[in-house]
Amino acid sequence: MALEKVLIVEDEVHARSGLTELIESWGYRAESAADGVEGLERAVQWGPSIVVTDLKMPRMDGMELLERIGCLPQRIAVVMLTAQGSIDSAVEAMRMGAYDYIPKPVDPVRLRTILQNASRQHELDEQAEVSPKEVRQSAGVGALVGSSPRMKEIFSLIERVAPSNVSVLVTGESGTGKELVARALHDLSGRRGKPFVAVNCAAIPETLIESEIFGHEKGAFTGALERRAGCFELAEEGTLLLDEIGEMPAATQAKLLRVLEDRKLRRLGSKMETPVDVRVVAATNKDPEQAVANGDLRGDLYYRLNVFNIQMPPLREHVEDVARIADKMIADMNERHGCTVSGMKDILLKRLEEYKWPGNVRELRNTIERAVILAGSGLLGVEHLPPQFGSPGFAPLVKKSGQYAAREIAAAIAEANSSGEVKRYIEDQNTVRVEVGTTVDEAERQLILKTLSSTHNNKTKAAEILGISSKTLQNKLKEYQNSASSATE
């Protein structure tokens with residue numbers, strides 16, 4: 001870091017000399033320029049890795065300087081200095097590619113943190129030596145894969161946005177891979193060695209969400225027996241994903257907006273503000289503009305988060321990626337479950353590409369996981385698909401977290417059968433036939449016993465297929481055995 005070059009572009013003499021001395025005291029090589037024109041000349045001649053520039057300057061302002069620097073062959077991180085009340089201009093600068101911004105008067109702690117992050121990103125870029133073209137040709141970013149035009153555009157956007165400190169709003173239907181986008185942004189940034197923390201705002205009770213996100217002091221409320229760090233503090237110097245942001249209570253949204261703008265937070269019950277250095281990525285499966293209109297999402301928070309928007313398409317709109325996505329999932333499932341599946345039969349791939357995937361990539365993943373566990377080895381075929389896959393009565397259960405419940409599966413089968421959508425089930429090794437009037441408990445029993453039979457009494461494998469623990473399966477089998485014993489007495 002001692003050799004890192006930082007150029008300060010500031011038209012006010014005392015501010016320029018003060019910043020230069022401060023940054024030099026941190027071990028950087030610092031030079032200065034009096035306006036944008038001089039700053040551009042110094043950037044070309046001296047080749048700094050970071051430029052700290054004022055927004056309002058004569059001859060060439062900070063916005064034009066940012067645009068000109070973006071055209072240079074070397075990558076330079078631009079940090080924008082903004083006066084109070086110029087937040088909108090700062091957000092626009094970040095849309096144009098600025099690394100970060102800092103309000104005047106400059107907070108030395110925050111400035112030093114920004115410079116350290118920018119330096120770390122510069123070092124990672126030099127080590128990686130991967131061009132944007134090479135990233136796109138790899139047909140994937142992080143855990144995201146695909147070769148369709150839609151996905152290539154997303155990969156390119158992620159690659160451009162990741163090195164900055166800008167907030168990103170990821171939108172799209174449930175199951176499209178919004179969290180994977182957030183992880184890719186984190187992994188391609190200078191923060192990748194720091195924590196990635198994901199929190200689902202819809203899964204936290206309204207009375208606890210503020211404490212979970214911002215933390216609390218001992219005695220802040222009934223039950224607060226000790227001081228607790230919130231998600232922001234846990235993600236310090238890293239990335240925080242706020243999933244289902246539209247489900248966050250309005251009061252918490254207001255506090256979040258304040259943290260995003262001031263980069264400081266106050267724990268519940270605390271009188272002190274704590275500086276935070278966290279990149280925030282928000283996600284929602286709602287139309288954000290409609291959520292603002294409905295009052296579910298604050299307009300000012302939406303515009304603050306929506307510096308960049310990455311819209312994830314539903315799987316049905318890029319089915320040409322199904323083969324590549326499924327291949328990666330098969331490799332992941334082989335490693336997870338100790339299987340040796342080598343691929344898919346053509347007829348299975350055709351069925352997968354013809355299906356509409358209402359549960360998107362998450363549903364595909366669940367389908368592939370089930371198929372890999374059933375097959376164990378060799379090629380996956382249509383016989384490894386869920387019963388009635390793709391038929392009008394097929395109503396898949398897509399897990400968002402945790403596991404399937406056998407009772408839920410049985411209930412879905414019984415509901416489909418009683419509604420008349422599924423008249424009958426073809427009874428084979430992978431199908432349970434449930435007649436109209438069958439109770440949920442009985443349907444569950446048949447499903448468990450049939451699955452156990454298909455695994456040749458391998459209880460561990462049967463539990464994995466059913467999505468329940470081995471202990472739960474053992475308890476169910478004991479229950480059925482006791483019922484059978486009672487019936488014969």
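pLDDT is the predictor's confidence in each residue, from 0 to 100.

**View 1. Confidence across the predicted model.** This model is predicted, and the protein has an average pLDDT of 82. A score of at least 70 is reached by 84% of the residues. Residues 129-138 have a pLDDT below 50, and in the model this stretch makes seven contacts beyond near neighbours in sequence. Residues 397-429 also stay under 50 in pLDDT; for them the model has 66 contacts beyond four places in sequence.

**View 2. The largest nonpolar core, of 48 residues.** The members that touch the most others are Ile69, Ile158, Val168, Val181, Leu185, Ile310 and Met312. Helix H7, residues 149-161, gives the most to this core, contributing six residues. Leaving out residues up to four places away in sequence, Val181 touches Leu144, Ile158, Val170, Ile310 and Met312.

**View 3. Another core, apart from the largest one.**

**View 4. Packing of helices H18 and H19.** H18 spans residues 440-454 and H19 spans residues 459-466. Their axes lie 9 Å apart and meet at an angle of about 130°. The crossing of the two helices, H18 and H19, is right-handed.

**View 5. Residues at the H18 and H19 contact.** From H18, the residues taking part are Leu447, Ile448, Thr451 and Leu452. In H19 they meet Lys459, Ala462, Ile465 and Leu466.

Terms used: Residues are numbered from 1 along each chain as its sequence is written. This is a predicted model: local features need pLDDT of at least 70, side-chain atom pairs count only at pLDDT 80 or more; totals for chains, interfaces and linings use all residues. Side-chain values use heavy atoms; hydrogens and water are left out. Contact means heavy atoms within 4.5 Å. A nonpolar core is a set of buried Ala, Val, Leu, Ile, Met, Phe, Trp, Tyr and Cys residues joined through side-chain atoms within 4.5 Å. Buried means under 20% relative accessible area, exposed over 50%, partly exposed in between (1.4 Å probe, protein chains only). Helices (H or I, at least four residues) and strands (E, at least two) are DSSP runs, numbered from the N terminus. Axes are lines fitted to C-alpha atoms, for helices over the stretch in contact, and angles run from 0 to 180 degrees between N-to-C directions. A crossing is left-handed if the near helix is turned anticlockwise from the far one by less than a right angle, and right-handed if clockwise.
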